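Please keep the structure in view while going through them.

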Amino acid sequence: MSLKRLTGRIAVVTASTEGIGFAIAQRLAEEGAKVIISSRKQKNVEKATQLLLGKGLDVTGLTCHVGKQEDRQRLFEEAKKKGGLDILVSNAAVNPVVTPVLDCPEESWDKIFDINVKSSFLLAKEALPLLKLSKAGRIIFISSIAGFQPSEFLGVYGVTKTTLLGLVKAASLQCARDNITVNSICPGLIETKFSDAITSNEEILKTALPSIPLQRVGKPGDISGAAAFLASDDGAYVTGENIVISGGMTSRL
Ligand code: NAP
């Protein structure tokens, strides 16, 4: 069952052809938004777009590597064609290395920061002129529980996600004057391709579960409802918040 809180709104969701981004795109569309979905690979975009169109949802699919300016620009051009932009969900992230933080090679540090932090910053910056024209502009970054509680071997990834918490705080101050809210959602361990090495390995999972009070791995659908809430008028008075959805995993900095 979905409410219809987003009828008439236009949303861009990055990295939305599978996993958490896909679930968010689907939920926003189910609530009535016109959603522009995207990711790097054309075949993934086609598959996800067809799936959502098949459910009768109003979606358009484009390829977009969030690290490429011209790709990001295409998303906003498409939004303009549809009538503007109300909701930006910046969801893309990478984690190409599994090392303790101080063992991370410099070029990997740069790559992880480029995608996880700089692209989120640039997407928000580039979306701002369109969001200012909306009556209810929304920016939602997808951070992580790792931004609060890093795991040793995903060192730099955790630092990028902590950085997003700060970006939320700073951007929410600037955007408030235009009635644009800025928040992040910080998922715990969610069953997707990204977390496959943990969630599909019984031995590793056995060591991870004790840190999750609800005793289960989350699903993308555990995250998408919070995005719809923040995007809707129900979330109009929420800004500058980093909302943890982690089954109770520790989330203190
Ligand atoms: P996922 O299921 O692996 O999906 C990743 C999506 O991102 C795919 O659609 C992929 O499609 C796209 N993508 C990857 N690199 C991209 C890029 N540079 N530009 C545009 N699209 C790109 O991942 P997920 O688990 O849903 O993760 C989504 C977000 O949630 C990330 O920010 C992640 O850090 C965060 N998160 C996940 C978990 C978890 O346990 N899963 C926990 C906390 C936070 P293409 O290959 O076609 O580009």
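1. Ile185 stands opposite Ile243 in strand E7, and the two strands concerned, E6 (residues 181-187) and E7, run parallel and are joined by 4 bridges. Two strands count as paired if DSSP finds at least two bridges between them; helices (H or I, at least four residues) and strands (E, at least two) are DSSP runs, numbered from the N terminus.

2. This is a predicted model, in which local features need pLDDT of at least 70 and side-chain atom pairs count only at pLDDT 80 or more, while totals for chains, interfaces and linings use all residues. Residues are numbered from 1 along each chain as its sequence is written, and side-chain values use heavy atoms, with hydrogens and water left out.

3. The open sheet is formed by 7 strands in the order E3-E2-E1-E4-E5-E6-E7, with parallel pairing. Strand E3 (59-63) and strand E7 (242-245) stand at the edges with a single partner strand each, so one side of each is left without a neighbour in the sheet. From one strand to the next, the twist averages 20 degrees, where axes are lines fitted to C-alpha atoms, for helices over the stretch in contact, and angles run from 0 to 180 degrees between N-to-C directions.

4. Helix H1 (residues 19-30) lies across E1, E2, E3, E4, E5 and E6, and runs at about 175 degrees to E1. Helix H5 (residues 155-176) packs on the sheet as well, touching E5, E6 and E7, and its direction makes about 160 degrees with that of E6; contact here means heavy atoms within 4.5 Å.

5. Leu167 lies in helix H5, and, leaving aside residues up to four places away in sequence, Leu167 touches Phe121, Phe141 and Ser172. Leu167 and Leu154 are 13 residues apart in sequence and, C-alpha to C-alpha, 20 Å apart in space.

6. Which residues are the closest to the ligand? They are Ser39, Arg40, Asn91, Tyr157 and Thr192, within a surrounding set of 27 residues, a residue being included if one of its heavy atoms lies within 4 Å. H1 and H5 each supply at least two residues of this shell.

7. An oxygen atom of the ligand is 2.7 Å from an N or O atom in the side chain of Arg40, and the corresponding distance for the side chain of Asn44 is 2.8 Å. The ligand, taken alone, exposes 890 Å², of which the protein buries 93%; accessible areas come from the Shrake-Rupley method with a 1.4 Å probe.

Conventions. Polar contact = N/O pair within 3.5 Å; in protein donor to acceptor, adjacent residues only side chain to side chain.
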